[in-house]
Amino acid sequence: MEKQGLLYEGKAKRIYATDEAEVVWVEYKDSATAYNGEKKATISGKGRLNNEITSLLFDYLKSAGVESHFIEKLSSTEQLVKRVTIIPLEVVVRNIAAGSFSKRTGVDEGELLKQPIVEFYYKNDDLGDPLLTLDHVLELELATEETVNDLKERALYINTLLREYFLEREVKLVDFKLEFGMTAEGTIMLADEISPDTCRLWDSNTNEKLDKDVFRRDIGNLTEAYEQILARLGGSESCI
Ligand code: C5P
């Protein structure tokens, strides 16, 4: 497979074309951003950690029957994925109250929710990724009601799998964000990444935060937290 021109550069990844039309080359960057890009830093090793963790999680989900865009890990910071058009909805699943849910509802951070909650946000940096109702999604023609229900069902199934998988490794899956994409043939599949950048992960014994909140809230060392997650998932040690 040959790496070709840069197609897109986002906050955390660069996407390159390849000599195969339906395959793109993803490079994870060492940049950390929060609050819609207002807080920025370069954190050496972060790209490797997110690539390793995402690759492990997508491989696990595949073994449990969840199709995603992930094809293979190429190097410590690179992977090959299927080319998809991202549906502009960020699908958030919550098991425990935290973050914007606690802020919006007043439910204390750490409170176990009666059942998992699924939320849809408009993937739009200019608008600050606002929370959407189903009527909003339909009005903006971001997806049909059938697709929204399908995404919700998939997200809840992925939650069941990941929650158990993390708990076996002494990590609580508090909440996480998924993105889905559509192939040229119209197949919807899980896309983007699943990493400590996109999940809240707490040690199940101490509730220590092992995710991007460490960076957002300046409460520790991000690389150490992400290394913890990688180690618990059985990933390779840093070679630095
Ligand atoms: O901030 P909030 O509580 O809504 O975040 C819920 C979950 O979604 C968190 O795990 C967060 O890391 C993730 N998220 C994300 N990208 C965003 C917004 C939230 O990965 N743009």
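Author: Begin with contact: two residues are in contact if their C-beta atoms, placed from the backbone, lie within 7 Å. Helices (H or I, at least four residues) and strands (E, at least two) are DSSP runs, numbered from the N terminus. Residues are numbered from 1 along each chain as its sequence is written. The model is predicted, with pLDDT of at least 70 required for local features and 80 or more for side-chain atom pairs, while totals for chains, interfaces and linings use all residues.

Reader: Which residues in α1 meet α6?

Author: Take the α6 side to start. It brings L222, T223, Y226, E227, I229 and L230 to the contact. In α1, their partners are K46, L49, E52 and I53.

Reader: How many residues of the contact of α1 with α6 are charged?

Author: Asp, Glu, Lys and Arg count as charged; Ala, Val, Leu, Ile, Met, Phe, Trp, Tyr, Cys and Pro as nonpolar; the others, Gly among them, as polar. The contact of α1 with α6 has six nonpolar residues and one polar. The charged ones number three.

Reader: Is α1 roughly parallel or roughly antiparallel to α6?

Author: Two packed helices are described by the angle between their axes and the distance between the axes. Axes are lines fitted to C-alpha atoms, for helices over the stretch in contact, and angles run from 0 to 180 degrees between N-to-C directions. Helix α1 (residues 46-63) and helix α6 (residues 222-232) have axes 10 Å apart and pack at an angle of about 20 degrees. Angles under 35 degrees count as roughly parallel, over 145 as roughly antiparallel, 65 to 115 as roughly perpendicular and the rest as oblique, so α1 and α6 are roughly parallel.

Reader: Is the crossing of α1 and α6 left-handed or right-handed?

Author: A crossing is left-handed if the near helix is turned anticlockwise from the far one by less than a right angle, and right-handed if clockwise. The crossing of α1 and α6 is left-handed.

Reader: Which elements do the buried residues of α6 pack against?

Author: A residue is buried if 20 or more other C-beta atoms lie within 10 Å of its own, exposed if 12 or fewer, and partly exposed in between; C-beta atoms are placed from the backbone. In α6, the buried residues are L222, A225, Y226, E227, I229 and L230. They pack against β4 (31-34), α1, β12, β14 and α5 (213-216).

Reader: Is D192 buried or exposed?

Author: D192 lies in the loop between β13 (188-191) and β14. It is not a glycine, yet its phi is positive, about 60 degrees. It has 24 C-beta neighbours inside 10 Å, so D192 is buried.

Reader: Which residues come nearest to the ligand?

Author: A residue is near a molecule or strand if its C-beta atom, placed from the backbone, lies within 6 Å of it. Around the ligand there are 14 residues. Those that come nearest are G99, S100, K177, T198 and R200.

Reader: How many residues of the shell around the ligand are charged?

Author: Five residues of the shell are nonpolar and three are polar. The charged residues number six.

Reader: Which residues does E119 touch?

Author: E119 lies in strand β10. It is buried, because 20 other C-beta atoms lie within 10 Å. Its C-alpha is 5.8 Å from that of V91, 28 residues away along the chain. Not counting residues up to four places away in sequence, E119 touches V92 and L131.

Reader: Which residues does K73 touch?

Author: K73 lies in strand β6 (residues 70-73). With 18 C-beta neighbours inside 10 Å, it counts as partly exposed. Leaving out residues up to four places away in sequence, K73 touches N51, S55 and Q79.

Reader: How far apart in space are D126 and V174?

Author: D126 is in the loop between β10 (112-122) and β11 (131-132). It counts as exposed because it has 6 C-beta neighbours inside 10 Å. D126 and V174 are 48 residues apart in sequence, and their C-alpha to C-alpha distance is 27 Å.
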